[in-house]
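Please walk me through this structure in the viewer. Tell me what to select at each stop and what is there.

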Amino acid sequence: MVDLLQPILNGILLGGLYAVIAIGLSTIMGIVKIMNFAHGDLMILGSYLSLVLVSWLGANPFLTLLAVIPMMYIVGFSIQSFLLNRVLGKGLDPPLIAAFGLSIILQNSLLLIFTPDARTLMTALNVMKIPLTDYLNIPANYLLDFLIGIGVIFCLYYFFQNSYLGRAIRAASDDEGAAQLMGINTKNIYAKAMGIAMMTAGIAGVLVGMTFTFYPHTGSQFLFIAFGVAIIGGLGSMKGTLAAGIILAVSQLVGAHFLGPGYQMVSGHVVLLIVLLVKPQGIFGTV
Amino acid sequence: MGEKIYKARLYVPGILVLALGTAPVWGSEYVVFFCLLFCLYLALSQSWNLLIGYSGLFSLAQPAFIGLTGYTMAVLTSYYGVNLWVSLLLGGLLSVLFALFMSLFIFRVRGIYFGIITLLFADALLLLFGNWEYVKYSQGMFIKPVHPPSITVIFYMAFVVGVGSVALIYAILRSKLGLGLMAMRDDEEVANTTGVEVFRCKLYCFLISAFITGLTGGIYYTFQIFIMPQEAFSVSWSIKMIFMVIIGGIGTIEGPILGAFIHVLLSQWLAEYFSVSMLILGAIAIVVILVAPKGIMGTIQEKLGFEILSPRWK
């Protein structure tokens, strides 16, 4: 039983990171109604942007967030306005295929530029652990991930509830026609929403780079996590996303504890499958 | 247009099939290899088109059938010395059984969730095979039949599957099932109201496409000799199928043929730069979806009314 405490604790902390990975995907699924298959790869793009800055400027990975976040906003805004907005309203498949195309282009470009080598964003936190008891300790980078995760979710929640842009985005999502009548340029709003989603993906990318190793194809692995959290939590629900991140991470790590590390992702898949079949709208409903 | 021109069009596919079928006679080894790959990708894209183009099923589970058949052949031939073609058929049947098992779950969700749930199944198999001692984890297995077939034999198997898949799907579309499928493609609600058994049509399509995809995967790995889970169950199979169908034209018979040809041409031309060829394929798919969402053949059909293999003539 004491053995089980460590994976549960790690899972809870990792859940904060999973929530940041998924929040951008979940928001876009809820608002623009697009399943962004390129989300994982865009997140890894954030990791590589940070890596470039770290190696050029010798900056701390944490400081590179200052540059990565605005860059990712521009990336997201451009993707939505030049690509995804043009395939909106043409049925289910065109946006999916555009996102798939984007994902493949990103993966292979990263592969050509950075080679398939594994990378990581090294910080002093990587090896630090905070001991709680003889058997239990908190990995410092997981704790940082968790705190930033909660911070990001809280900021986003506040933004959607209280800012003009946040309300406009929600209006465009609730009823596109009515929002247009109220003088909202919905296409522009969608582009801004994607920009904001990519800001969170950039943060997630830097955190993932500081916590794990990554290479150009890692994106698809994190896409599964993002899908899992977004579906379990309910699309566009902030609190749901945080809770779902923790649920998925704990079930993965507990599964890995009992079945062996190879089964970490499989346990997550099984939980997601059950939720999809029993309650496809997610445990916490929508928006 | 006159009756004669309709009839004359039949010569086009006839000549193409004849040219393809006699490739080992007139072509070099490289030409045979090229035609082999073309036949395999043709079968893959046709079977995916049957799902997306007519039943509206965005299935990302196809790698599961490729991997299952490949691994069935590897296990049966190297552990039990079973005949290669028997193991291929058994692999195809196992794919159909797995598709039947999946259909207990996947048809409960709609639209985009269908894509995710099918992707989950394929990825779960990838992870399970990578952790399974019996199939040597992720180190991969050899497909070692007692009498390894020559490339000509493998080519003719691929030819049968490739041309057979086109013929089968053409026959399906001209049957009663096909009529229902085309009604579903145009409007699922209306089709349902007018008495098309939507669920049964979808299930048949899913099983047929699982069988074709499985056989194709099996032949591919007979040719490759070596199979690994991270390759066999990889989502990149799905991505290739999507791109081939989209570029050629969704919901047409000619589209996937053109798409498969473009894909094989591109991947062979840039054989040493796999990532560049995938990058170009992705870029073409994006351009096609922006400029001509119906794909190359779909747009030609719409503009010129030009169809070689129309499911509608008498």
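Predicted model: local features only at pLDDT ≥ 70, side-chain atom pairs only at ≥ 80, totals over all residues.

Residues are numbered from 1 along each chain as its sequence is written, with chains lettered from A and ligands numbered from 1 in the order in which they are written.

**Stop 1: chain B**

Select chain B. It holds 16 helices and two strands; these are DSSP runs numbered from the N terminus (helices H or I, at least four residues; strands E, at least two). The radius of gyration of chain B is 19 Å, close to the 20 Å that the globule rule gives for 314 residues, so chain B is as compact as a globular protein of that length. That radius is taken over C-alpha atoms, and the rule is 2.2 Å times the number of residues to the power 0.38. Along the principal axes, the C-alpha atoms of chain B fill a box of roughly 60 × 50 × 35 Å.

Color by burial next. Buried residues make up 47% of the 314 residues in chain B (buried: 20 or more other C-beta atoms within 10 Å of the residue's own, with C-beta atoms placed from the backbone).

**Stop 2: where chain B touches chain A**

Show both chains. The contact takes 30 residues from chain B and 32 residues from chain A (two residues are in contact if their C-beta atoms, placed from the backbone, lie within 7 Å). On the chain B side, select helix 7 (111-130), helix 13 (235-248) and helix 15 (274-291); each supplies at least two residues. Helix 7 of chain B gives the largest share, eleven residues. By class, the chain B side has 23 nonpolar, five polar and two charged residues (nonpolar: Ala, Val, Leu, Ile, Met, Phe, Trp, Tyr, Cys and Pro; charged: Asp, Glu, Lys and Arg; polar: the others, Gly among them).

**Stop 3: helices 5 and 8 of chain A**

Select residues 140-162 and 186-211 of chain A, which are helix 5 and helix 8. They pack at an angle of about 175°, with axes 10 Å apart (axes are lines fitted to C-alpha atoms over the stretch in contact; angles run from 0 to 180 degrees between N-to-C directions). Helix 5 of chain A and helix 8 of chain A are therefore roughly antiparallel (over 145 degrees). Among the residues that meet are A:Ile148 and A:Val152 in helix 5, and A:Ile203 and A:Leu207 in helix 8.

**Stop 4: helices 9 and 11 of chain A**

Select residues 218-233 (helix 9) and 264-278 (helix 11) of chain A; their axes come within 10 Å and cross at roughly 35°.

How values were computed: Buried ≥ 20, exposed ≤ 12 C-beta atoms within 10 Å, placed from the backbone. Parallel < 35°, antiparallel > 145°, perpendicular 65-115°, else oblique.
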